[in-house]
Amino acid sequence: QVRSFAFKALVRIRERVVLRAINNEAKLKKAGISKYNKRWRSWAQNRVRQYRNATPTVLTSDTGLMDGEYLSACVQKAAALRKHDVELWKGYANRTLEIGDDLTETQLGYILWGCGKSQYLDERFYRSLLPVIKNKIESMHSHGLMSVMWMMRRMQLQDREVCQRVIGAVLANPDAIRPIDYIKII
């Protein structure tokens with residue numbers, strides 16, 4: 001005879017195992033809610049971005065020494081961790097403008113995604129970066145094209161030429177655009 005939170009009765013062996021598991025999960029759930037004050041299993045619901053720059057970084061490194069790869073990793077990490085330090089973002093923006101022509105399309109995509117995610121509001125930075133973006137749109141991959149359009153929408157920037165070039169790149173090679181990026185581009 002097994003006592004359960006649901007009812008008291010004679011229970012078969014298989015049902016006993018199921019009821020024991022239910023009881024144990026209920027205890028864990030109660031302990032988890034009271035200990036961490038979170039929804040049960042909320043730790044398992046964190047989303048993982050497919051395009052994540054896994055380069056180990058220190059966000060407060062000297063921006064003058066950063067190359068394109070390290071800079072894009074720092075910008076992506078700072079945005080993902082929701083760092084809103086204005087001086088940090090000014091340093092990243094100035095370094096991006098200094099080495100803008102040397103950035104690859106992927107690095108530029110990470111930087112644009114990070115700036116859009118953090119909502120770094122400096123119109124001078126974006127207007128100065130637009131010529132670099134225009135030169136690299138045709139060779140950008142799906143993530144980079146999405147980052148351009150997504151950043152422009154979040155920053156409320158309007159540039160007809162950039163939009164036309166992105167749409168032209170998407171229409172030129174529609175099979176290379178991931179569906180999730182295509183939705184954000186539109």
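The side chains of Glu161 and Arg165 meet in a salt bridge (2.9 Å, N to O), a term that stands for a side-chain nitrogen of Lys or Arg within 4 Å of a carboxyl oxygen of Asp or Glu. This is a predicted model, in which local features need pLDDT of at least 70 and side-chain atom pairs count only at pLDDT 80 or more, while totals for chains, interfaces and linings use all residues. Residues are numbered from 1 along each chain as its sequence is written, and side-chain values use heavy atoms, with hydrogens and water left out.

Glu161 and Arg165 both lie in helix α7, four residues apart, about one turn of the helix; helices are DSSP runs of H or I with at least four residues, numbered from the N terminus. Glu161 is partly exposed at 34% relative accessible area, and Arg165 is partly exposed at 27%. Buried means under 20% relative accessible area, exposed over 50%, and partly exposed in between (1.4 Å probe, protein chains only).

Glu161 also forms a salt bridge with Lys134, with the closest N and O atoms 3.2 Å apart. This pair links distant parts of the chain, since Glu161 is in helix α7 and Lys134 in helix α5, 27 residues apart. Lys134 is buried, at 18%. Salt bridges join Lys134, Asp159, Glu161 and Arg165 in a network.

The largest nonpolar core has 42 residues, of which Tyr92, Ile133, Leu145 and Val166 touch the most other members. Such a core is a set of buried Ala, Val, Leu, Ile, Met, Phe, Trp, Tyr and Cys residues joined through side-chain atoms within 4.5 Å. Helix α6 gives the most to this core, with eight residues.

Terms used: Helix = DSSP H or I, 4+ residues; strand = E, 2+ residues; numbered from the N terminus.
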